[in-house]
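Have the sequence and the 3D view ready as you read.

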Amino acid sequence: MTGLNIIKLPKIIAVSKTFKMDKILPLIEHGHIDFGENKVQEAIDKWTDLKEKKPNIQLHMIGKLQTNKVKFAVKLFDYIHSVDSEKLAKKIAEEQLKINRQIKIFIQVNIGDEDQKAGVRVEQVTSLFEFCMGINLNVVGLMCIPPVGTETSFYFKEMEKISRSHKFSELSMGMSSDYLEAAKNNSTYLRIGSRIFGQRN
Ligand SMILES: *Cc1c(COP(=O)(O)O)cnc(C)c1O
């Protein structure tokens, strides 16, 4: 048989940062599983009780993570999308071992090579990945936020190539403005905020 493609449909992370629980609960009641937050304290306040009641909910940390917050992050989150240094990776490995948990990790890639953006450079992906494996982190894939106001499909294609060459199973890319392009380029986690919840203040 030829031409038989198995297409993996992307999952949607509803990015609920800044929104209160009254806006989020309808999605949960509808059965939505994956939610994204970018601040540890906000996530603790909003999700701690709810995650106890509904353990199937998957929480994704998508923002910059300070090492002094890692201890709290590994307790609450199921995924961290923003690992971009050995120091952070090491801290995550230490803290999750203490509580006997293993969360899933994405390495954030600064795919547009922008000075102000988090993420490792493309040339550093392999070495950070190897470092993470060496300390038993469960790296499931790569994450990126392409430069704003550009043709993001170019960057998504680059990401897909790097991801494929490392045989990662997951790829975290695509937001409200470009999720269709990301899906066309084999993203497995679309991170969508304003298209679901409306404009943030
Ligand atoms: C806020 C945020 C999103 C969602 O952005 P929208 O444009 O509202 O969809 C996705 N990824 C990251 C890393 C974010 O911080």
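Leaving aside its neighbours within four places in sequence, which residues is glutamate 160 in contact with (heavy atoms within 4.5 Å)? Glutamate 160 touches Leu171, Asn185 and Asn186.

## About the model

This is a predicted model, in which local features need pLDDT of at least 70, side-chain atom pairs count only at pLDDT 80 or more, and totals for chains, interfaces and linings use all residues. Residues are numbered from 1 along each chain as its sequence is written, and side-chain values use heavy atoms, with hydrogens and water left out.

## Glutamate 160 and its helix

Glutamate 160 sits in helix α6, residues 152-165 (helices are DSSP runs of H or I, at least four residues, numbered from the N terminus). Its relative accessible area is 15%, so it counts as buried (under 20%, with a 1.4 Å probe and protein chains only).

Other buried residues of α6 include Tyr155, Phe156 and Ile162. Among the elements that cover the buried residues of α6 are β6 (138-144), β7 (170-172) and α7 (179-184). After α6 comes lysine 167, with a positive phi near 60°.

## The ligand

Around the ligand (a heavy atom within 4 Å) are residues including Val15, Lys17, Ser176, Ser194 and Arg200. An oxygen atom of the ligand lies 2.5 Å from a side-chain N or O atom of serine 176. For arginine 200, a side-chain N or O atom is 2.8 Å from a ligand oxygen. The ligand taken alone exposes 390 Å², of which the protein buries 89% (Shrake-Rupley method, 1.4 Å probe).

Note on methods:
Polar contact = N/O pair within 3.5 Å; in protein donor to acceptor, adjacent residues only side chain to side chain. Helix = DSSP H or I, 4+ residues; strand = E, 2+ residues; numbered from the N terminus. Buried < 20%, exposed > 50% of the residue type's maximum accessible area, 1.4 Å probe, protein only. Contact = heavy atoms within 4.5 Å.
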